[in-house]
Amino acid sequence: MNNVERYVLPAAKLGQALDALLELPDQLIAPVQAARGDVHFESVEGVDQIQTDYGNTLVSPIEYLLPSQEIMFEYRLGPQGQPEFTAPAAPPDRIIFGLRPCDVAAIEYADHFYVEREPIDTLYAARRQATTLIALACAEPANETCFCSCCEGGGPVSESGFDIQLTPLGDQYLVEVATEKGQRIAQQWQSLVKPAADELLEVREAQTREVMEQQLEIESYLAAAIRRITAEKVNPDTWEAIGHDCYSCGGCSYLCPVCTCYDVVDVQYDDTSGARIRRTDSCRLAGFVREATGHIPRATASSRARWYAYHKLSYDYHEQYGRYGCVGCGRCVITCLGQIDMPAVCARVRQSETEAAS
Amino acid sequence: MEQVDHIPRPAIIESIRPETPTEKTFALRFTDGEPFNFQAGQFCMLSVLGKGEAPFCIASSPARTDAIKVTVRHYPGGEVTSALHELTKGDYVGIRGPMGNGFPLQDFAGRDILVVAGGIGLPAVQASLLYLLEHRSDYRNVTLLYGARTPGDRVYKDDLAEWEQSPDIVCKQTVDMKGDDDSWEGHVGLITTLFEALEIDGPQTSAIIVGPAVMYPFVVAECRQKGIADENMYFSLERHMKCGVGKCGHCTIGDKYVCLDGPVFTYSEMQQMKGE
């Protein structure tokens with residue numbers, strides 16, 4: 001990102017900074033701790049609701065751009081049955097505070113997929129346009145399942161995709177303002193921040209290196225998996241074994257912030273009105289590709305596991321999407337019952353290479 | 001920048017023609033007064049509001065832009081095809097599209113055209129056949145080979161009868177079996193058996209092939225035998241689709257979105273596809 005303005009915000013003033021966000025007319029979405037301890041992103045009305053000390057949420061805040069279910073249009077049938085359509089209302093202006101860099105990367109992926117790669121998805125584009133992203137970089141691995149540093153363009157600090165980014169550095173935050181939307185926020189923080197010295201970037205770089213070293217060491221596995229999968233040089237037995245361990249529950253793709261696939265269904269309010277909705281779908285479910293004839297092109301869990309890995313990691317899709325379909329957030333590691341999460345699949349695919357070579 | 005239209009255009013059912021016990025052809029006229037411009041081989045997403053939306057190929061001439069025809073096979077488990085088959089003249093549907101790439105018929109100018117259709121594949125090539133006949137002088141020989149399971153399973157029987165008499169097109173039909181139709185005096189045998197008596201200039205021929213997937217390897221072998229190059233064999237593929245615009249992810253084969261990159265692919269392209 002060019003022309004990034006850098007400031008310093010004392011950690012003690014974060015509360016005031018968040019308060020200043022609440023003065024804006026935008027809805028503020030921020031991490032909130034539920035009664036039983038889980039942190040999730042939610043609309044807040046007071047600073048005391050916001051939890052700033054958290055790893056990462058199980059459900060990605062990308063849900064505010066890609067809701068698990070949304071109305072595409074509503075219809076009403078006239079006296080002769082002729083339909084009249086109503087488009088959804090314009091989305092609210094929103095500020096999302098506290099996005100981890102992996103989720104910022106996932107949003108960059110979605111921006112490319114839904115907006116830059118034509119045709120433009122107008123529902124996503126309108127929501128995205130109305131949303132300001134305030135990233136919160138990681139000063140330590142957010143969770144023990146994180147592997148963002150192994151992913152292309154990933155790491156504990158975002159290099160792009162945010163409007164404003166806060167990096168915790170001891171008793172202060174480095175504040176990076178990257179866009180016009182970010183400048184609007186910076187205006188609110190004028191009295192709280194002061195310009196940052198260049199040395200602060202070096203301090204952050206040292207901290208970033210340290211965080212990356214603490215993460216899982218699977219970089220070579222991911223790179224090897226990408227090569228093997230693109231070249232289709234994975235032993236079919238490997239996919240068989242991975243498929244054997246797959247429960248076809250769809251958990252990985254429902255939680256994956258990069259997964260974009262959706263289902264479309266009509267709902268009837270009554271005989272003359274209703275809506276078309278789209279909702280998150282999963283290619284790990286057999287019905288995902290089931291045709292009207294009953295034929296299922298990817299009928300086995302292993303063929304679906306292979307497809308999932310191919311779609312996310314093959315260079316063929318990298319060419320279309322501009323980056324690989326994994327940001328290293330580790331949510332699949334948390335959710336997968338069969339221990340065939342992304343790092344595990346990469347390790348097994350790499351092992352498959354070794355076997356094939358010998 | 002091209003945008004996705006999530007909202008369909010309203011259209012009224014002008015007529016419904018039963019083709020077979022399981023297939024009906026719907027003539028649909030747009031009621032918003034806007035033209036519907038499309039290329040032969042493109043498809044549309046057809047809605048019965050409240051029931052759902054599904055992709056269907058457009059089976060009418062691209063020259064007509066105020067109305068289209070689609071032929072729908074009823075699958076008992078299919079919510080949209082079941083709902084469509086219950087509609088009557090004067091009912092409304094929703095249409096999004098056109099979608100997909102279509103057959104590059106302009107590029108075929110000056111060449112021989114071989115159309116091979118199996119069963120419900122004929123509607124997918126119907127717009128192309130009508131276009132070719134409307135621009136007949138742009139092409140050399142035009143041949144249609146059509147195969148169905150039984151005589152009663154054939155769609156567009158009137159068009160086929162007319163084309164069998166037409167000097168503009170060589171039309172050959174076959175059925176896998178006569179079934180209980182003793183009046184059938186035509187050819188009996190798989191569609192590949194029509195290739196034996198076929199005299200075509202292979203290298204000068206572009207082929208359009210649509211039918212059940214099980215038919216493809218055998219038709220490819222026959223076409224190759226006749227000297228038709230893999231890159232001159234055009235197929236229209238079918239997959240489960242939800243959006244039609246390359247987003248919902250259901251129709252992917254390898255790195256291709258059938259809805260966006262296809263549904264028309266050459267055999268050369270199909271050989272490059274990775275995965276099921």
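**Domains of chain B**

I began with the spacing of the two domains in this predicted model: the C-alpha centres of domain 1 and domain 2 of chain B lie 24 Å apart. For the bounds, I noted 9–99 for domain 1 of chain B and 105–236 for domain 2 of chain B. Next I looked up who takes part in the contact, and found 14 residues from domain 1 of chain B and 15 residues from domain 2 of chain B. I sorted the domain 1 side of chain B by class and got six nonpolar, five polar and three charged residues.

**The sheet in chain B**

I then traced an open sheet of seven strands in chain B, with order 10-9-8-7-11-12-15 and mixed pairing. Which strands stand at the edges? I found strand 10 (187–188) and strand 15 (264–266) of chain B there; each has a single partner strand, so one side of each lacks a neighbour in the sheet.

I followed helix 3 (residues 157–165) of chain B across strands 8 and 9 of chain B; the angle to strand 9 (170–175) is about 130°. Helix 4 (residues 216–225) of chain B lies across strands 7, 11 and 12 of chain B, at about 165° to strand 12 (233–236).

**Helix 1 of chain A**

Last, I checked helix 1 (residues 14–22) of chain A, where Ala17(A), Leu18(A) and Leu21(A) are buried. They cover an arc of only 95° around the axis, so they lie on the same side of helix 1 of chain A. I found the buried residues of this helix packing against strands 1, 2 and 6 and helix 4 (180–188) of chain A.

Key
Residues are numbered from 1 along each chain as its sequence is written. Chains are lettered from A and ligands numbered from 1 in the order in which they are written. This is a predicted model: local features need pLDDT of at least 70, side-chain atom pairs count only at pLDDT 80 or more; totals for chains, interfaces and linings use all residues. Domain bounds come from an automatic or database domain assignment. Two residues are in contact if their C-beta atoms, placed from the backbone, lie within 7 Å. Ala, Val, Leu, Ile, Met, Phe, Trp, Tyr, Cys and Pro count as nonpolar, Asp, Glu, Lys and Arg as charged, and the others, Gly among them, as polar. A residue is buried if 20 or more other C-beta atoms lie within 10 Å of its own, exposed if 12 or fewer, and partly exposed in between; C-beta atoms are placed from the backbone. Helices (H or I, at least four residues) and strands (E, at least two) are DSSP runs, numbered from the N terminus. The arc is that of the directions from the helix axis to the C-beta atoms. Two strands pair if DSSP finds at least two bridges between them. Axes are lines fitted to C-alpha atoms, for helices over the stretch in contact, and angles run from 0 to 180 degrees between N-to-C directions.
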